[in-house]
Amino acid sequence: PLLLGVAAVFAYLCGCFNGAVIVSKYILRNDVRNHGSGNAGLTNFFRTFGGPLTFVVILCDVLKAVVALLVSQWLMFSGYTAFISADFTVAYWDTFAKYWAGLFCLLGHMFPCMFHFKGGKGILSGGTIAIMIDWRIALVVWGGFLILAILTRYVSLGSVWAGASFPVATWFVYQDWIITLLGLLLGGLVVYMHRGNIHRLLTGTENKFSLHKKQ
C-alpha cells in the first residue's frame with residue numbers, strides 16, 4: 001500500500017507539470033487558458049500561439065508521462081516480492097504499475113494542484129502512456145485517432161475514439177478485470193474531459209483543426 005501511494009503521488013505530480021501552462025504563462029506571459037477553448041492542452045496552445053514553442057509543450061507532455069511510468073515501475077518492482085503469488089507475477093505487477101501510474105499522471109495533467117486544478121484533456125500524455133503499456137493498445141488508440149482526425153479534421157473525434165477504445169483494447173490484450181478497470185478509468189477520464197466537444201460534435205458546432213494558428 002505504501003508503494004502504491006508513493007507511486008500515485010509521484011505520477012500525479014509529474015502530470016501536474018503542464019507544458020501548455022508553463023510555456024504560455026511563464027515564457028510567453030500569456031496564459032493559454034485565457035484563450036480559445038480555455039483548455040490547457042496542445043491543440044488550444046497551437047491554435048492560440050503556434051510556433052516552435054509548440055514542440056516544447058509536446059516534449060513536456062511526453063516526457064512527464066515517460067518519467068511517471070518508469071519511476072513508478074521501479075518503485076513497485078522494488079517491492080513486488082511482498083505480493084508475489086500465483087496471480088501476481090512480475091509481468092503482471094509491471095503492467096499494473098504502468099496503468100496505476102498512468103491513471104494518476106492523467107489526473108495530474110487534467111487537474112493540476114498548482115494551476116488551480118485547471119489543466120488539459122490528456123490526449124498526448126495518454127497516447128504516450130498507451131505506447132509505453134503495449135504496442136497493440138497503442139496501435140488501436142493512435143491508429144483510430146489519426147484516421148479520424150485526418151479524415152474529419154476533428155481532433156476531438158479522434159480523441160474520443162482514443163479514450164473509448166483504450167479499455168476495450170486493454171481487455172483484448174490482457175483479459176484481466178483489474179487491469180481493464182484501470183484502463184476504463186484512464187479512457188473514461190479522456191472521454192469525460194471531452195464532454196463539451198462531444199456536445200459540439202453532435203450539434204455541428206465543433207471547430208475543425210487547421211495547421212494555421214488563429215491571428
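## The largest cavity

In this predicted model, 15 residues line the largest cavity. Those nearest its centre are Gly126, Gly127, Val141, Ala162 and Val190. Four helices, α6, α7, α8 and α9 (177-193), each give two or more residues to this lining. The largest share comes from α6, with 5 residues.

The space in the largest cavity is about 150 Å³. The structure holds 1 cavity of 30 Å³ or more. By class, the lining of the largest cavity has 11 nonpolar residues and 4 polar ones, with no charged residues.

## The largest pocket

The largest pocket contains about 960 Å³ of space. Its lining is made up of 40 residues, and the closest to the pocket centre are Leu42, Thr43, Asn44, Val155 and Phe209.

Several helices supply at least two residues each to the lining of the largest pocket: α3 (42-48), α4 (53-77), α6 (123-133), α7 (135-152), α8 (155-174) and α10 (195-203). The largest share, 6 residues, is that of α3.

## Residue classes in the pocket lining

In the lining of the largest cavity, by contrast, charged residues are absent.

The helices α6, α7 and α8 each give two or more residues to the lining of the largest cavity, and each supplies at least two residues to the lining of the largest pocket.

How values were computed. Residues are numbered from 1 along each chain as its sequence is written. This is a predicted model: local features need pLDDT of at least 70, side-chain atom pairs count only at pLDDT 80 or more; totals for chains, interfaces and linings use all residues. Side-chain values use heavy atoms; hydrogens and water are left out. On a 1 Å grid over the protein atoms alone, a cavity is a set of points where a 1.4 Å probe fits but cannot get out, and a pocket is an open set with protein on both sides within 12 Å along at least five of seven lines; lining residues have an atom within 4 Å of a point. Grid points are joined across faces, edges and corners, and a volume is the space filled by probe spheres set on the points. Ala, Val, Leu, Ile, Met, Phe, Trp, Tyr, Cys and Pro count as nonpolar, Asp, Glu, Lys and Arg as charged, and the others, Gly among them, as polar.
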